[in-house]
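Reader: Hi! Could you walk me through the fold of this one, sheets and helix packing included?

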Amino acid sequence: MAARNASLFGVADFYSRNFAAAGHVAADIHINNPWMRAAWAREHGLAFEQPPEPGNEAQRRAIPGSLQRMIAPFKPILRPLARKVGLSPRLDAQAEEILLAQIEEFKPDLVLNQDIFHIDARLARRIKGIGRPTLIGQVGIVPSRGEDWSAYDLMISQLLRVVQSLSDVGVRSEVVHLAFEPDILHRLPPAPERSVDISFVGAVSADHQQRVAQLEAVARKFDMKLYGSGLQNLPASSPLHRCYQGEVWGVEMYQALRASRLTLNSHIDQAGREAGNARLFEATGAGTFLLTDFKDNLHTLFDVGSEVAAWHTADDCLTLIDRYLGNEDERCAIAAAGQARTLSTHTFRRRIEDILRFVS
């Protein structure tokens, strides 16, 4: 657990450490990590099937599980993609029993389920039956209609339309945005030199058509570095192939952002007219100038023009890149203001306070 948290992968221990900072005892369960799951079972004397060692041939064949570990913990808004390609199957019986044993051993007053599709409504009801904890689900997309969410005391989402959809079917729901953990600034290696003019960190896929079009327009004019996944989905003619730098996660992701003079953000198509993805807070929290896609609610998160910059069209994006790359003082001032806003307003500690207020 310590090694995984030190990687700063996904949300690491950002929720649990802030519950603890608020005076609570908190623990993380990574149910989709078979090696961590097996270690817990072994330490508690439970019989289990040993997972393959990381890196062997059996593990390399288990592509869905590997991708699931990368995506599910920290990208709620990518869940539609995960479901399409089968990355969020129901847990097998052994995994379920280990999860329930972990909950029985910890006896929590509150359970926050960050993947309501992987740990589905049926399993949520079993969790609820262990001591009747307050059960919260976190979701970034509108769930399928007809699902029984009655086991949940609260659903939270960064998107208002998700909250409204759940409220319409009688599920108590509240907006709780994603966030940044300020402590990582002390846990990262020294900041690299800002040697990258323009970066983009993230996936490109059929669910990101607006993103792909915008990034291709940028790549035709500028020397952009793209860190992410999904390039195999693009035609060979796409200019994004020559921008590709590989994937970065955790510490490497933050260092890629901190090496950038300007980093781009573009929401998944299903976000519609709402801003709220993790990159808003990761980039600004890391102190990097953020040029993001304009959304109707962006002004409720940042002061557009003084804390972040926002583009409306691909041509608008190109114009803004020219402007800010050519004006270092203005760019650095906006980056500093964006970081100050995130460190004061968009932290996991603030989000924990919201969650506790909703369930008090």
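Predicted model: local features only at pLDDT ≥ 70, side-chain atom pairs only at ≥ 80, totals over all residues.

Reader: Good to know. What is the strand order in the sheet of five strands?

Author: The order is S6-S5-S7-S8-S9, in an open sheet with parallel pairing.

Reader: And which strands sit at the edges?

Author: Those are strand S6 (224-229) and strand S9 (309-311), each of which pairs on one side only. On average, neighbouring strands in this sheet are turned by 25° against each other, direction ignored.

Reader: How many bridges join S8 to S9?

Author: Three bridges join them, with strand S8 (residues 290-293) and S9 running parallel.

Reader: Nice. What about S7 and S8, how do they pair?

Author: S7 and S8 pair in the parallel sense, over three bridges. Look for Leu 264 there, which stands opposite Leu 291 in S8.

Reader: Which helix makes a β-α-β unit with S7 and S8, and what is its handedness?

Author: That's helix H13 (residues 278-285), and the unit of S7, H13 and S8 is right-handed.

Reader: Which residue stands opposite Ile 156 in S3?

Author: Gln 138 does. The strands concerned are strand S2 (residues 134-138) and strand S3 (residues 154-157), which run parallel and are joined by three bridges.

Reader: Great, now helices. At what angle do H3 and H7 pack?

Author: Helix H3 (residues 34-43) and helix H7 (residues 93-106) pack at about 60°, and their axes are 10 Å apart. That angle makes H3 oblique to H7.

Reader: Is that crossing left-handed or right-handed?

Author: The crossing of H3 and H7 is left-handed.

Reader: Which residues meet there?

Author: From H3 you have Arg 37, Trp 40 and Ala 41, and they meet Ala 95, Ile 98, Ala 101, Gln 102 and Glu 105 in H7. By class, the contact of H3 with H7 has five nonpolar, one polar and two charged residues.

Reader: How do H2 and H16 pack?

Author: Helix H2 (residues 14-21) and helix H16 (residues 348-359) pack at an angle of about 70°, with axes 9 Å apart. H2 and H16 are therefore roughly perpendicular to each other. Their crossing is right-handed.

Reader: And who makes the contact?

Author: H2 brings Phe 14, Tyr 15, Asn 18, Phe 19 and Ala 21, while H16 brings Phe 348, Arg 349, Ile 352, Ile 355 and Leu 356. Sorted by class, the contact of H2 with H16 has eight nonpolar residues, one polar and one charged.

Reader: What about the geometry of their axes?

Author: The axes of H13 and helix H15 (residues 328-345) come within 8 Å and cross at roughly 115°. The crossing of H13 and H15 is left-handed.

Note on methods
Residues numbered from 1 in each chain as written. Heavy atoms only, no water. Pairing = 2+ DSSP bridges. Helix = DSSP H or I, 4+ residues; strand = E, 2+ residues; numbered from the N terminus. Axes fitted to C-alpha atoms, helices over the stretch in contact; angles between N-to-C directions. Right-handed = clockwise from strand over helix to strand, strands pointing away. Parallel < 35°, antiparallel > 145°, perpendicular 65-115°, else oblique. Left-handed = near helix turned anticlockwise from the far one by under 90°. Contact = heavy atoms within 4.5 Å. Nonpolar A, V, L, I, M, F, W, Y, C, P; charged D, E, K, R; others polar.
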